[in-house]
Amino acid sequence: FVLQRAAPNITVSPAACATCPAGHIITTNPDYPDAQCATCPPGYYCCDPLSAPTPCPNGTFNPSPGAAALSSCVACASGQWSEVGSAFCSACPAGFGCISGVRTACSAGSYSSLGSLSCTLCPSGYACPNPAASPAKCVLGSVAPTGSTYCQVC
């Protein structure tokens with residue numbers, strides 16, 4: 001089935017609208033001219049059977065088909081994130097911090113591991129050239145102030 005938004009050139013009978021339950025939309029199929037109902041897909045909600053499915057907002061998810069309201073989109077747990085229209089949340093990737101389901105890249109001189117809420121500033125005596133990797137201890141004869149991306153020779 002092809003999900004389509006009702007347009008002026010598509011005729012949908014009022015009887016067809018009445019037959020679609022909540023969480024469904026009217027669809028058209030080129031092989032069948034009559035309107036049909038389709039279950040709203042996971043990651044979306046369908047409150048109007050004549051409109052295209054509405055994606056769950058960034059930082060939320062909906063694993064179940066047939067959602068009829070925005071309240072079906074659930075916030076991701078701490079340390080997780082999702083994009084618009086997601087059916088699940090994912091662990092926050094290394095090099096990012098994830099608060100309220102939204103991921104933010106670590107800035108230069110900071111780092112994070114998988115599932116982190118926030119980024120950590122690189123400690124003194126260490127370098128953080130890659131925000132997705134653990135800090136690297138400076139070798140003897142070099143130093144790095146807090147938040148460094150590289151060690152400097154003394």
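Residues 24 or more positions apart account for 29% of the contacts in the protein with a separation of 6 or more. Contact here means heavy atoms within 4.5 Å. The protein holds 1 helix and 16 strands. These are DSSP runs numbered from the N terminus: helices are H or I with at least four residues, strands are E with at least two. Of the 154 residues, 30% count as buried. Buried means under 20% relative accessible area, exposed over 50%, and partly exposed in between, with a 1.4 Å probe and protein chains only.

**Model and confidence**

This is a predicted model, in which local features need pLDDT of at least 70, side-chain atom pairs count only at pLDDT 80 or more, and totals for chains, interfaces and linings use all residues. Residues are numbered from 1 along each chain as its sequence is written, and side-chain values use heavy atoms, with hydrogens and water left out.

The pLDDT is the predictor's confidence in each residue, from 0 to 100. Its mean over the protein is 86, and 82% of the residues reach 70 or more. Among the elements, strand 11 (residues 110-111) has the highest mean pLDDT, 98. Helix 1 (residues 14-19) has the lowest, 48. Over residues 1-18 the pLDDT is below 50. Beyond near neighbours in sequence, this stretch still has 28 contacts in the model. Where pLDDT is low, the predicted coordinates should not be read in detail.

**Disulfides**

A search of the whole structure finds 8 disulfides. A disulfide is a pair of cysteine sulfur atoms within 2.5 Å. The table gives three of them.

| Pair | S to S distance | Angle about the S-S bond | Hand |
|---|---|---|---|
| Cys-40 and Cys-46 | 2.1 Å | 80° | right-handed |
| Cys-56 and Cys-73 | 2.1 Å | -75° | left-handed |
| Cys-76 and Cys-89 | 1.9 Å | -80° | left-handed |

Take the link of Cys-56 and Cys-73, which is left-handed. Cys-56 lies in the loop between strand 4 (54-55) and strand 5 (60-61), and Cys-73 in the loop between strand 5 and strand 6 (74-75), so the pair ties together parts that are 17 residues apart in sequence. Cys-56 is buried at 0% relative accessibility. Cys-73 is buried as well, at 11%.

The link of Cys-76 and Cys-89 is also left-handed.

In the right-handed link, Cys-40 is buried at 0% relative accessibility. Cys-46 is buried too, with a relative accessible area of 3%.

Cys-47 counts as exposed, at 59% relative accessibility. Cys-154 is in no disulfide either; the nearest cysteine sulfur, that of Cys-138, is 8.9 Å away. Cys-154 is exposed at 70% relative accessibility.

**Around Ala-67**

Ala-67 is found in the loop between strand 5 and strand 6. Is Ala-67 buried or exposed? Its relative accessible area is 8%, so Ala-67 counts as buried. Ala-67 and Cys-46 are 21 residues apart in sequence, yet their C-alpha atoms are 6.2 Å apart in space. Leaving aside neighbours within four places in sequence, Ala-67 has contacts that include Cys-40 and Cys-46. Tyr-44, Tyr-45, Gly-23, Asn-62 and Ser-72 are also in contact with Ala-67.

Strand 9 (residues 96-99) and strand 10 (residues 102-105) pair in the antiparallel sense over 4 bridges. Two strands pair if DSSP finds at least two bridges between them. Gly-97 stands opposite Thr-104 in strand 10. The hairpin has 2 residues between the strands, and Ser-100 takes a positive phi near 55°.

**Charge over rings**

Which rings lie under Arg-103? One is that of Trp-81, with Arg-103 over its face at 4.1 Å from the ring centre. Another is that of Phe-96, where the charged end of Arg-103 is 4.7 Å from the centre. A charge sits over a ring if NZ of Lys or CZ of Arg is within 6 Å of the ring centre and within 35 degrees of the ring normal.
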